[in-house]
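Thanks for coming, everyone. Please look at the screen, and I will walk you through one chain.

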Amino acid sequence: QGRRELYEWNDHYIKLRPGVRAFIEAMHEHFELCISSKGSLEYVRFVCNLLDPDGAYFGQRIACRDQLDSDKRKSAGSVTSQALDRIIVLDDDIGAWNG
């Protein structure tokens, strides 16, 4: 409560959606959470630290553009060993995913 929602990283501003922290906390009780981004590792770590400063929700299950496949698409295998039929993806670009 009372934590800010707008942050600056390099020359970018990052606005957290209202309720995102509560959503992540609630989903963590039911799912293995992962982050995959086409951003740099430094950017992904910055955002992950905003969402999960204690590392309780995502742990080491983060991937950045360095883990994109040969078609420059995201792959679930870069962040989890779960079978594809056991994965829920929340992304603004479903075409960014392979599989």
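Start with helix α2, residues 41–51. Its buried residues are V44, V47, C48, L50 and L51. Buried means under 20% relative accessible area, exposed means over 50%, and partly exposed is in between, with a 1.4 Å probe and protein chains only. Helices are DSSP runs of H or I with at least four residues, strands are runs of E with at least two, and both are numbered from the N terminus.

What covers the buried residues of α2? The cover includes β1 (6–9), β2 (12–15), α1 (20–28), β3 (35–36) and β4 (62–63).

Two words on the source. This is a predicted model, where local features need pLDDT of at least 70 and side-chain atom pairs count only at pLDDT 80 or more, while totals for chains, interfaces and linings use all residues. Residues are numbered from 1 along each chain as its sequence is written, and side-chain values use heavy atoms, with hydrogens and water left out.

Now step back to the whole chain. There are two helices and six strands. Along the sequence, the pattern reads β-β-α-β-α-β-β-β. The C-alpha trace spans about 40 × 35 × 20 Å along its principal axes. For 99 residues, a compact globule would have a radius of gyration near 13 Å, and the 14 Å of this chain agrees with that. The radius is taken over C-alpha atoms, and the globule rule is 2.2 Å times the number of residues to the power 0.38.

Of the 99 residues, 31% count as buried. Contact means heavy atoms within 4.5 Å. Take the contacts with a separation of 6 or more: 52% of them come from residues 24 or more positions apart.

C64 is in no disulfide either; its nearest cysteine sulfur, that of C48, is 12 Å away. Is C64 buried or exposed? C64 is buried, at 3% relative accessibility. C48 is buried as well, at 9%.

Next, I62 in strand β4. I62 counts as buried, at 18% relative accessibility. Leaving aside neighbours within four places in sequence, I62 is in contact with I35, L41, V44, R45, C48 and V79.

R21 is in helix α1. R21 is buried, with a relative accessible area of 15%. Its side chain makes a polar contact with the side chain of Y7, at 2.9 Å. A polar contact is a pair of N or O atoms within 3.5 Å; within protein, one must be able to donate a hydrogen and the other to accept it, and residues adjacent in sequence count only if both atoms are side-chain atoms. Beyond four places in sequence, the contacts of R21 are R3, R4, Y7, L16 and L50.

K74 lies in strand β5, residues 74–75. K74 is buried too, at 8% relative accessible area. Which side chain does K74 meet in a polar contact? That of D91, at 2.7 Å. Setting aside neighbours within four places, K74 is in contact with residues including S36, L68, D91 and W97.

Last, two loops. N10 is in the loop between β1 and β2. Its phi is near 50°, a positive value in a residue other than glycine. N10 is exposed, at 57% relative accessibility. K72 sits in the loop between β4 and β5. K72 has a positive phi of about 65°, although it is not a glycine. K72 is exposed, with a relative accessible area of 57%.

Note on methods. A disulfide is a pair of cysteine sulfur atoms within 2.5 Å.
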